[in-house]
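Subject: Structure handover

Hello,

Please find the structure below. My notes on it follow, grouped by topic.

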Amino acid sequence: MEKKYSIFGAGAAGLYTAWRLLDSLNNTEQTTGRQLMQGDTLELYDWGKYDFSKAYPGTRAAGARVCTWHYQNDTSKSYLELGGMRYSYWDGSPNGGGHRLVTTVIDKLDLKRYSVPFNESTNPLFYLRTKNMYLNEISSSNPAPYNVKNFGAAASPDTGFNIVESLSVTADSGPQTRLQWCDFYRHGKIKVELPESSVFKKGDHLKDIGYWNLMFDQLGSEGYKYTADGNGYTSNVINWNSAVAFQANNEFTPGTEYRTLTHGYSCMFNALFDAIVALAEEKGIVFKYYPDTRLHSILVIDKVIRYTIATRENPDKESGAGTTAAAWLAMPRHSLELVAQATRYKTHDGLDVLNHRKVQLYLESAVLQPSYKVGMFFDRPWWADNAENPPTYPAQINSYEVTSDVLEQLQQKGFPAGYITAISNDPHILETPYAKTADFIRAVETCIQARLTVVQEEQLLIAAERNTIGPSVTDMPIRQVVYFGNNALDQSGQPVYGLLASYDDEQFTTFWQELELGPNRQRERPISENYQPLEGPRKAPEIMIKMLRQQLAAVHFGPQADYSVVPEPLETRYMDWSLPPFNAGYHAYAGHYDVCDVQQKIRKPSQLIDGADADIFIVGEAYSNDQAWVEGAYCTAESVLNDFFGIPPIIDDKDYPFICPCR
């Protein structure tokens, strides 16, 4: 009997689910009646209209809360990421760190050739309480402008995370693997004796302590503010689940290599969609894509999943109805809440899964974290130390790093094959950033056991030079500045330099939201009906641009600098992720929850209802083990397919559980 599966949401989790449902067909002898078969139907609903391909054009780049924006909307020109922008690379080894599913997807979709390091400065610039300083300048003789106890202002602001984490975890003790961290979320406790002055004590469960509460208790007001201001992410220091916060802010995690894609991070979702279309045709599956359509309500009546839909034009009123054998709600918490509201206040037949009390309790475990990004393009990198007129405090982002692309360039230029082989086999050289030219050359010459000629040295430096990403950090509303530079695929044209001029979250989003209209204008549209994240990056008004230039001037030229020292941008656009339908750039777990149980149960919420069994699934980043990352969306989707549809794991999950097991 032919069946139909329905996926509501065309972001990371929705696309991944569709791709895996199709890609798993006929790839293994282990098949079940739950898997799609020839003649079945797979439908994908997209509240927005993502620009997937020429055959499926849209209003903005693909990826939901990933959104690559190119200068003049030309994909051959420089780009900025106005949403999620990177992933943690996995080297393929059983004990290696990193995002294993994102890395695997990129490899399977033949995108690895576009994968490049997302460089982070080893000596970032800070502008805190009107003081400009670099990380390597912070010392006992030149402390940060905070009255931190125990001379804490003489160290990096991230030291505060380390101090708090040492209550339970140190470099030599505590969880190291993904499985061990899952156990820590459930059982982690304060392990040291605390003074009587502390409001917490040895033995207290960390999952039941708010992280802001714990940081304030241990660091004091000034210590908390220094850590909060200096780490750049306000979302990291809110009152979320301390056990999970320890892992997210873990000071002891081995070196992580972040990467992105040269075509922009959104291109991964274009490739996924193309693969879905091709696989459906190849496997004889009827694939139906419905853009500009949202899930309005969902109920189970007489053991049949019945849903209503609404159009993007009128999203509050149902416009149609259907039934399905299984439904994936590939959406974040706020979008789920909108679906639940449709049936919450009226009498109806059947099972209303989303409005069951226990399901609502678990849905509320995800804390919404609004975020805001503003991108600017310039005709020159005015922030760099090698700019024509360098700023007083340039971004310390110049470095050298050897990647596979660099080795390929060197090979084409006739660089000695033996040198290339030696460098490619040396983990101390390959994909390791060097801030100083002399240190880089010395490391390479030690590796090859020879002196480079003048020509070879020049070839190496040109190929390996990097002048991105940063970031610089400030306590002003722009919060973080990220330098994308001239990253155009076509380097033959006039260079254009991208700057993520503001990367902020939490309370700072409202600072910029009020500048979207400016003075002498009345609000004509309720914020609750402003679906700008679905429409794409919006042009910034002059008042917002001037405010950005004011703050950028202070970061790079000092507190007394006039805004005019920052040149007029070529183009400025913003993404307000505090707006619907997402109402958050990312999520975190609240305190007083067993997050392992949440991850297990919320993905099939009928598990929380006695006597109920409905094939309605919730997938996405919000309730994952990797919140704020595409990896989380992929992992929740993979776990559902493995555990409820008999589809074998895409990779060996023995040492890498996709969601936390409950043990």
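Phe511 has a relative accessible area of 31% and is therefore partly exposed (buried means under 20% relative accessible area, exposed over 50%, partly exposed in between, with a 1.4 Å probe and protein chains only). This residue belongs to helix α14, residues 508-513; helices (H or I, at least four residues) and strands (E, at least two) are DSSP runs, numbered from the N terminus. Leaving out residues up to four places away in sequence, Phe511 touches Pro477, Met547 and Gln551, where contact means heavy atoms within 4.5 Å. Between Phe511 and Ile478 the C-alpha to C-alpha distance is 9.4 Å, at a sequence separation of 33 residues.

Before the rest, the conventions. This is a predicted model, in which local features need pLDDT of at least 70 and side-chain atom pairs count only at pLDDT 80 or more, while totals for chains, interfaces and linings use all residues. Residues are numbered from 1 along each chain as its sequence is written, and side-chain values use heavy atoms, with hydrogens and water left out.

Domains

The domain assignment gives domain 1 (4-64 + 265-370 + 591-645), domain 2 (125-251) and domain 3 (371-576); such bounds come from an automatic or database domain assignment. The centres of domain 2 and domain 3, taken over C-alpha atoms, are 28 Å apart. Domain 2 puts 18 residues into the contact and domain 3 puts in 21 residues. About 1600 Å² is buried between domain 2 and domain 3, and carbon and sulfur atoms give 49% of this area. Buried area here is the accessible area (1.4 Å probe) that two parts lose on being put together, summed over both. On the domain 2 side, Leu125, Tyr127 and Tyr134 lose the most area to domain 3, together 41% of what that side buries.

Helix packing

Helix α10 (residues 404-412) and helix α11 (residues 417-424) have axes that come within 10 Å and cross at roughly 175°. Axes are lines fitted to C-alpha atoms, for helices over the stretch in contact, and angles run from 0 to 180 degrees between N-to-C directions. The crossing angle makes α10 roughly antiparallel to α11 (under 35 degrees counts as roughly parallel, over 145 as roughly antiparallel, 65 to 115 as roughly perpendicular and the rest as oblique). Leu407, Leu410 and Gln411 of α10 meet Ile420, Ile423 and Ser424 of α11 in this contact. By class, the contact of α10 with α11 holds four nonpolar, two polar and no charged residues; Ala, Val, Leu, Ile, Met, Phe, Trp, Tyr, Cys and Pro count as nonpolar, Asp, Glu, Lys and Arg as charged, and the others, Gly among them, as polar.

Helix α13 (residues 454-464) has Gln456, Gln459, Leu460, Leu461, Ala463 and Ala464 buried. Those buried residues pack against β19 (399-400), α10, α11, α12 (437-448) and β20.

Backbone geometry

Most residues other than glycine have a negative phi, and most peptide bonds are trans. The following entries depart from that.

- Gly470 to Pro471 is a cis peptide bond with omega near -5°; Pro471 sits in the loop between β20 (465-466) and β21 (472-474).
- Pro580 and Pro581 are joined by a cis peptide bond with omega about 10°; Pro581 sits in the loop between β25 (571-576) and β26 (586-589).
- Arg129, not a glycine, has a positive phi of about 50°. Arg129 is in the loop between β9 (125-128) and β10 (131-134) and, at 31% relative accessibility, counts as partly exposed.
- Ala628 has a positive phi near 80°. Ala628 is in the loop between β27 (616-619) and α18 (630-645) and counts as partly exposed at 41% relative accessibility.

Two buried residues

Gly9 lies in the loop between β1 (4-8) and α1 (12-23) and counts as buried at 16% relative accessibility. Beyond four places in sequence, Gly9 touches Gly14, Leu44, Tyr45 and Ala330. Gly9 and Trp47 are 38 residues apart in sequence, and their C-alpha atoms are 6.9 Å apart.

Leu219, in helix α5 (residues 211-231), is buried with a relative accessible area of 7%. Its contacts, again beyond four places in sequence, are Lys149, Gly160, Ile163, Val164, Tyr224 and Thr227.

Regards
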